[in-house]
Amino acid sequence: MVHWYTQHPNAPSPPPLDKLSHVSLIGNGNVSLDVARMLLTNVDVLRKYDVPERVLDVLAESTVKHVSIVGRRGPLEAAFTMKELREMINLPDASMVPLAPELLQPSEGVPLTRQQTRVLQLLSKGRGRSTFYRSPAGLMVPSSENTRSQLSLAHTVVDPATQRAVPTGETSTVATDLVVTSLGFHGEPTAPYFDPGLGHLRTLSNRIVTNAGTTLRNVYGSGWASTGAHGVLAATMMNAYDVAETIVNDRMNPVEGTEAVLNPDPSLEELPEEVVHGVRERNIVEYPDWKRIDEEEMRRGQVRARLLLGLSAHKTHFQRFFIGV
Ligand SMILES: NC(=O)c1ccc[n+]([C@@H]2O[C@H](COP(=O)([O-])OP(=O)(O)OC[C@H]3O[C@@H](n4cnc5c(N)ncnc54)[C@H](OP(=O)(O)O)[C@@H]3O)[C@@H](O)[C@H]2O)c1
């Protein structure tokens with residue numbers, strides 16, 4: 001779903017939002033809240049942001065009226081963060097089915113963190129729709145197009161010893177038109193230099209480390225690929241800036257050493273074949289071409305902004321990345 005609305009090169013085709021009324025999101029991390037906000041925000045509000053035109057066209061036709069966010073643990077263990085919860089709860093065109101008051105009562109004698117206290121306060125007056133202590137157990141898809149699918153949910157409690165969700169044996173069903181899983185992200189174990197122990201690439205000062213423990217020349221790791229999927233957007237951006245600085249420094253100050261020799265030539269041919277292949281396959285362009293794309297985006301953004309809003313230019317979205325300095 002996220003790949004679809006960010007127009008990622010591997011994006012699936014758009015969901016048939018013009019035929020749906022109820023969407024169930026499994027998992028209650030920030031990605032889940034982002035998806036809910038995209039579905040519950042007026043498309044004219046989204047036009048002011050960097051949302052691709054083709055996505056806006058689909059959202060404009062959306063008939064989605066209800067979004068259920070299903071978390072297998074309770075509000076105190078939810079993976080979302082305050083800012084994202086507040087933004088969802090304050091959506092002007094959406095309102096929340098009130099949560100059962102007992103869900104918002106912390107267990108006696110259990111001290112709450114500041115974040116947990118704020119989450120409970122927000123949820124108690126909030127708007128948005130969330131279901132806690134439920135884990136997906138099955139989906140019955142009807143044969144007729146006019147009937148809804150039935151999402152079967154196992155009721156859960158949090159085991160105080162392990163903090164894991166355990167089923168109580170009870171179940172219930174939710175009638176829904178689309179189920180979207182948003183369960184977090186894991187590195188691709190077959191990717192070159194993936195470290196199974198870490199669950200992501202192993203890096204040292206932003207440079208990729210091989211299984212033999214040596215640093216590769218001109219190969220860097222950045223973002224979730226090298227840190228694992230955690231942290232808010234700002235943390236990932238800061239990491240990207242840091243990696244870019246390492247690349248520039250390596251380029252400017254090549255160091256002689258053993259395996260860790262940094263070659264001043266950043267051409268792709270210097271990289272191991274599987275990395276080069278991966279880079280080309282994923283449609284990565286080099287800096288001069290990225291500059292051309294950027295100029296074209298700015299030009300189109302200006303045309304659109306003049307047409308639509310009469311405001312200053314904003315960029316449309318090309319899904320391309322660049323390498324090279
Ligand atoms: N605005 C922002 O800055 C922003 C936006 C989007 C994402 N992010 C960040 O990106 C990272 C990834 O976010 P994310 O939302 O993809 O992942 P996440 O924070 O790891 O949340 C994953 C959710 O999926 C649930 N889950 C996992 N396996 C499940 C299963 N088998 N059955 C039922 N539920 C299951 C988890 O429940 P349990 O907790 O019970 O495991 C959790 O609620 C996070 O650090 C997030 O903060 C930031």
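This is a predicted model: local features need pLDDT of at least 70, side-chain atom pairs count only at pLDDT 80 or more; totals for chains, interfaces and linings use all residues.
**Entry 1**

I looked up a facing pair and found Val209 opposite Thr215 in S12.

The hairpin of S11 and S12 has five residues between the strands. Gly213 in this hairpin takes a positive phi near 90°.

I then turned to the other neighbour of S11. S10 pairs with S11 (residues 207-209) over two bridges, again in the antiparallel sense. Here Thr203 has Ile208 in S11 as its bridge partner.

I put the strands in order. The sheet is open, has three strands and reads S10-S11-S12, with antiparallel pairing. Strand S10 (203-204) and strand S12 (215-220) are the edge strands, each pairing on one side only.

Is S12, as an edge strand, mostly covered or mostly uncovered? I found it mostly covered, with five of its six residues buried.

I moved to S1, which spans residues 22-26. How many of its five residues are buried? I counted five of the five.

I sorted the side chains by direction. His22, Ser24 and Ile26 point one way from S1. Val23 and Leu25 point the other way. Both sets are buried.

I looked up the pairing next. S1 and S2 run parallel and are joined by five bridges. S1 also pairs with strand S7 (residues 178-181), in the parallel sense, over four bridges.

**Entry 1: helix H2**

I checked how far helix H2 (residues 30-40) is covered. Nine of its eleven residues are buried, and I noted the helix as mostly covered.

I listed the buried positions. Among them are Leu33, Val35, Ala36, Met38, Leu39 and Leu40. Asn30, Ser32 and Arg37 are buried as well.

What covers these residues of H2? The elements I found include helices H1 (2-5), H3 (43-46), H4 (53-60) and H5 (82-89). Strands S1 (22-26) and S2 (66-70) also contribute to the cover. The S1 and S2 named here are the pair joined by five parallel bridges in the previous entry.

**Entry 2: the second largest pocket**

I looked up the second largest pocket. Its volume is about 370 Å³. The lining has 18 residues, and those closest to the pocket centre are Leu76, Glu77, Ser107, Tyr133 and Val158.

I sorted the lining by residue class. Twelve residues are nonpolar, four are polar and two are charged.

**Entry 3: the whole chain**

I finished with totals. I counted ten helices and 14 strands in the protein. The protein has 325 residues, and 35% of them count as buried.

Last, I looked at contacts between residues at least 6 apart in sequence. Of these, 63% join residues at least 24 apart.

Note on methods: Residues are numbered from 1 along each chain as its sequence is written. Side-chain values use heavy atoms; hydrogens and water are left out. Buried means under 20% relative accessible area, exposed over 50%, partly exposed in between (1.4 Å probe, protein chains only). Contact means heavy atoms within 4.5 Å. On a 1 Å grid over the protein atoms alone, a cavity is a set of points where a 1.4 Å probe fits but cannot get out, and a pocket is an open set with protein on both sides within 12 Å along at least five of seven lines; lining residues have an atom within 4 Å of a point. Grid points are joined across faces, edges and corners, and a volume is the space filled by probe spheres set on the points. Ala, Val, Leu, Ile, Met, Phe, Trp, Tyr, Cys and Pro count as nonpolar, Asp, Glu, Lys and Arg as charged, and the others, Gly among them, as polar. Two strands pair if DSSP finds at least two bridges between them.
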